[in-house]
Amino acid sequence: MSAFAAGSTIYVSSLAGASSLPFPSPADIGYLLFYPLVLGGLFVYLLALRQRLARSVLLDAVVGSFGAASVLVVLLSPLLSAAGGFPSFATSVAVAYPLLDLVVLAVTAGMAAVPGLATGRSGVTLMLGLMVFAAADVAYAFRLENDTYYLGTPLDAGWTAGMCLIAAWADDFTRQGAAAEGTSEGAWTPAVPMVATAAGLGVLIVGTGTPVPELAVGLAAATLVSAGIRTQMAFRQLVTLAEVRRQSRTDELTGLPNRRALYADAPGVLEAQQGAPCAFLLLDADRFKEINDSLGHDVGDRLLIQISKRLRRCLGPDDLIARLGGDEFAIILRDAGEHEALQLADRLRAALSEPLTLRGIALQVGVSVGIALFPEQGTDLKTLLRKADTAMYRAKNSRSGRHVYASEDQSPGEERLRMLQELRTALA
């Protein structure tokens with residue numbers, strides 16, 4: 001900003017009443033220094049965010065930069081082609097401005113793909129300032145080429161507006177410290193690589209029927225190559241996320257859905273019933289702790305695997321089964337009332353009563369089944385789980401093997417705990 005101000009000072013002081021200065025003039029040194037200095041500042045600014053940005057975000061920025069650059073080369077081709085016929089010093093300086101503007105706008109387009117920069121107030125101020133500044137430069141270059149530029153027109157306010165926006169960003173940046181934004185994902189930042197890819201493809205399509213600068217074609221090709229790499233990276237990320245999601249919902253030992261999956265899927269299953277009856281069964285293996293302690297945890301794990309396989313064979317494709325943890329399993333039996341639930345409980349107990357041979361020992365596993373009915377005994381998973389748990393312990397204590405929850409099964413535990421607390425308070 002100091003370099004640009006120095007160039008403006010030289011320009012104004014050298015006019016001395018004239019309408020314009022010879023081109024190029026010493027003022028152009030200050031003006032041209034603005035670009036490498038501001039790009040260097042942006043590089044330092046983005047370097048601080050590099051550790052906090054994923055490679056995919058950085059690749060999005062590259063795609064956005066290439067796509068914007070390819071379009072800008074096409075738009076600025078009349079100015080850029082001026083150097084072809086007479087590469088004089090004056091022409092080289094004139095062409096340097098739109099070339100440097102192209103780089104600045106490409107970097108700005110890349111910044112728009114960085115989460116936080118594209119949504120944070122400070123980042124938007126910086127990008128808007130650079131765009132306004134570059135737009136004034138391009139308009140000035142076109143007017144200069146057509147010999148229609150005059151000092152004192154509203155165009156001269158473009159550089160001032162752009163500098164003020166950049167200055168506002170710099171002031172806000174120093175107040176916030178070097179740790180800038182870059183963590184929150186903007187809703188529209190994923191659109192940047194998509195628009196850039198479409199722009200690069202458009203440049204190549206236009207180039208088939210209209211002469212397009214080779215630089216634009218090369219940048220458009222680089223855009224599509226970068227977009228292809230980004231797409232492959234996104235596909236890998238989706239596969240990884242899908243695998244992580246599957247693992248988070250699957251019991252590692254038995255391969256059945258786990259408690260998390262049950263809590264996620266059960267509300268949808270119950271809602272899909274639309275009031276039609278279904279049954280919630282809670283199963284607990286009898287004497288599993290004794291087997292685990294006597295034969296070891298590895299035998300206990302193998303036993304749970306065999307139990308899960310036998311339980312799955314007894315269920316239909318629409319029934320939901322999950323391992324809650326330890327030796328507890330939950331089943332949601334669709335379109336089933338009390339009679340069907342008791343029949344399934346008997347089949348499950350019969351399937352598990354067949355001997356299992358583990359470490360040379362034939363084991364018969366008993367199971368206690370608690371049943372809660374939807375919707376008459378509960379309309380949500382927590383209620384059904386609590387009542388099925390009560391019924392399961394009633395079946396275990398009575399050694400009946402299976403039990404359907406009834407109102408008289410309600411445990412007095414909550415009332416007993418409240419009474420104990422009231423007694424402690426009264427004694428104190």
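Modeller: **The nonpolar cores**

The largest nonpolar core has 36 residues, and Leu281, Leu283 and Ile371 have the most contacts inside it. Such a core is a set of buried Ala, Val, Leu, Ile, Met, Phe, Trp, Tyr and Cys residues joined through side-chain atoms within 4.5 Å, where buried means under 20% relative accessible area, exposed over 50% and partly exposed in between (1.4 Å probe, protein chains only). At least two residues of this core come from each of β1 (278-285), α12 (288-295), α13 (297-313), β3 (328-333), α14 (338-353), β4 (356-358) and β6 (367-374); α14 gives the most, with seven residues. Helices (H or I, at least four residues) and strands (E, at least two) are DSSP runs, numbered from the N terminus.

This is a predicted model, in which local features need pLDDT of at least 70, side-chain atom pairs count only at pLDDT 80 or more, and totals for chains, interfaces and linings use all residues. Residues are numbered from 1 along each chain as its sequence is written, and side-chain values use heavy atoms, with hydrogens and water left out.

Leaving aside neighbours within four places in sequence, Leu281 is in contact (heavy atoms within 4.5 Å) with Phe329, Ala330, Ile331, Leu333, Ala341, Leu344, Ala345, Leu348, Val369, Gly370 and Ile371. A second, separate core of 29 residues includes Leu42, Tyr97, Met111 and Trp169.

Burial is also found along α10, where Ala216, Leu219, Ala220, Thr223, Ser226, Ala227 and Arg230 are buried. Their cover includes α3 (55-75) and α9 (191-207). By contrast, Leu420 lies in helix α16 (residues 413-427) and is partly exposed, with a relative accessible area of 39%.
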